Amino acid sequence: MTGNQLIPNLFRTEYQKIVSVLCYLFGIEHIEIAEDIVSDTFLAATESWSLHGIPDNPTGWLYTVAKNKTKNYLKRNSLFEQKLSAELKYNASLETGSEIEIDLSPKNITDSQLGMIFTVCNPVISAESQIALALNLLCGFGIQEIADAFLTNKEVVYKRINRAKEKLKEAKIKIETPGLAEINTRLEMVLTTIYLLFSEGYYSTSKNITLRKDLCAEAMRLTYLLIENTNTNTPAVNALMALMCFHTSRFDARMNEEGEAILYQDQDTALWNQELIAKGRYFLHQASSLEVLTKYHLEAGIAYWHTFKEDSPEKWEGILQLYNNLLILQYSPIAALNRTFALSKVKGKQTAIIEAEKLGLTNNHFYYSLLGNLYTDIDNKQALQHFEKALELAASESDKAMIAKNIARLSTH
Amino acid sequence: MNEFLLIFRRDFMNKEAQPSPDELQESLKLWQNWFGGIAAQDKLARPLQRWDGKGKVVTPNKVVTNGPYVEIKESIGGLAIIKAADYEEACEIAKGCPILLLGGNVEVRMASPIE
């Protein structure tokens, strides 16, 4: 690998690790100092490696330079060091005057990252900002990449991230993994953010497939960090991991080379990733518990059934009951629509039409697509009217294309 | 939109009136589909709660007795709080309740507005 590819790759994996460790040491108030030191480190790497060649252990080189830069910074800013020494809670044995230890061991990197996850996923900042900040601080994404993922521009993301950092500083959020007693409430927020991050990659309308895959992979990496820690290895976390494994197993089958969506029934199952399906089953098994049943369990269960392409009465009965329970737990329009589709598979289209018409989601194009679907072969004239209404309401090009296909199919009959 | 209390009652004591295990299994699915249908319309006003079947009764002389309830044949199997425009809509929803198939009934009560 040449230096040209190596540094961006290392930036992605190592930048956030070193920033996490330094933040963990300094506190979130001094996040800019941490970021400056790490940026300086990478700048030094670019200069030195192009002159002297790539060192044997590039990561080790980065860690050593980052440590030295931090120590130098602390020496130059003795006031900051004094303040820091007084506040350092992580290093109880630290005596005044002794040198601050910068611990870049795998264990401390993991602890720091875990602490940062809980800091970033804090309700003082909006969900949108949490995702942007998570991508930046926890996943090493650049501002431009985040802007591409959100289909927005750099300035917006830049402002969003800075505002979020300010809020964390103002609120003096401590970087720490919460104690066992509060893990469940705090973890819920973390899982929501990770799931949103994943969905951003999985359902994004961005045509950049590599970027979308990266978002999904990062969401899974963060979830895995939680699984590796005994205190955060809960049934809900495992269920979320299972759900993401099942979903991503179809990643290569659900889009053509132009980034256009391929419907489930038209997918080539040879492209389904069996390894991820097996992993999903493993994590779903780990997630099973008599006491806890979260929405992630139910959604993972639904995703599990979708790893069987063939229709069977058990499959749709299973999916219907899971959607029933999901809705009882928490209403969402998309779950209501999917539940009604499952109902049509179990009880037939006539029954489903009666239930569908009670949903009243009259500003949702998926609602009219569902009705169009249910009326097809029962009353094609009505089906056509519903699809046309759906076309009127749909915003994205891929949704419009999909509806237009349905209309064309009906018109030729 | 108003809130309505639905109370499901049937005779849980009389041996002859009890459904077979198969019928119970089928009934469970019907309940899930019925609740799922209400939830799909976003008309569940409160999370559902299961209630223990045995229960106790406190009488006027402060004696606590176990079920069965000698005075009345039916006991409460459960309850749900839903959202509906009026009694007409609430009763329309209650007509789908699977307890009716087992000879039970649903009492429908509208929540009183705070005065």
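B:Arg9 stands opposite B:Asn105, a residue of strand 5 of chain B. Strands here are DSSP runs of E with at least two residues, helices are DSSP runs of H or I with at least four, and both are numbered from the N terminus. The model is a predicted one, in which local features need pLDDT of at least 70 and side-chain atom pairs count only at pLDDT 80 or more, while totals for chains, interfaces and linings use all residues. Residues are numbered from 1 along each chain as its sequence is written, with chains lettered from A and ligands numbered from 1 in the order in which they are written.

Strand 1 and strand 5 (residues 105-110) of chain B run antiparallel and share 6 bridges; two strands are taken to pair if DSSP finds at least two bridges between them. Strand 1 (residues 2-10) of chain B also pairs with strand 4 (residues 75-84) of chain B, again in the antiparallel sense, over 9 bridges. Within chain B, B:Ile7 faces B:Leu79 of strand 4. Together, 3 strands of chain B make an open antiparallel sheet in the order 4-1-5. Strand 4 and strand 5 of chain B are at the edges with a single partner strand each, so one side of each has no neighbour in the sheet. From one strand to the next, the twist averages 20 degrees; axes are lines fitted to C-alpha atoms, for helices over the stretch in contact, and angles run from 0 to 180 degrees between N-to-C directions. In a regular strand, side chains alternate between the two faces of the sheet.

Helix 2 (residues 87-94) of chain B lies across strand 1, strand 4 and strand 5 of chain B, at about 155 degrees to strand 5 of chain B. Chain B as a whole has 2 helices and 5 strands, arranged along the sequence as β-α-β-β-β-α-β. Its C-alpha atoms fill a box of roughly 45 × 40 × 20 Å along the principal axes. Of its 115 residues, 20% are buried, where buried means 20 or more other C-beta atoms within 10 Å of the residue's own, exposed means 12 or fewer, partly exposed lies in between, and C-beta atoms are placed from the backbone. Residues at least 24 apart in sequence make up 74% of the contacts in chain B between residues at least 6 apart; a contact requires C-beta atoms, placed from the backbone, within 7 Å.

One backbone detail of chain B deserves a look. B:Lys62 is not a glycine, yet has a positive phi of about 65 degrees. B:Lys62 sits in the loop between strand 2 (56-58) and strand 3 (64-66) of chain B, and is exposed, with 6 other C-beta atoms within 10 Å.

Chain A, in turn, holds 19 helices and 0 strands. The C-alpha atoms of chain A occupy a box of roughly 85 × 50 × 40 Å along the principal axes. Among the 413 residues of chain A, 36% are buried. Of the contacts in chain A with a separation of 6 or more, 61% link residues 24 or more positions apart. A:Asp377 is in the loop between helix 17 (365-375) and helix 18 (380-393) of chain A, and is exposed, with 11 other C-beta atoms within 10 Å.

Chain A is divided into domain 1 (1-104) and domain 2 (106-209), with bounds that come from an automatic or database domain assignment. In chain A, 17 residues of domain 1 are in contact with 17 residues of domain 2. Helix 1 (residues 3-26) of chain A gives the most to the domain 1 side, with 11 residues. The residues on that side of domain 1 comprise 9 nonpolar, 4 polar and 4 charged; Ala, Val, Leu, Ile, Met, Phe, Trp, Tyr, Cys and Pro count as nonpolar, Asp, Glu, Lys and Arg as charged, and the others, Gly among them, as polar. An unreviewed UniProt entry annotates residues 10-78 of chain A as "domain: RNA polymerase sigma-70 region"; UniProt positions are in the numbering used here, feature names are shortened, and annotations may be inferred rather than shown by experiment. Residues 10-78 of chain A are 86% helix and 0% strand, with end C-alpha atoms 31 Å apart.

Finally, the two chains meet through 12 residues from chain A and 11 residues from chain B. Helix 14 (313-329), helix 15 (333-347) and helix 16 (349-359) of chain A each supply at least two residues of the chain A side. The largest share of that side, 5 residues, comes from helix 14 of chain A. The chain A side contains 6 nonpolar, 3 polar and 3 charged residues.
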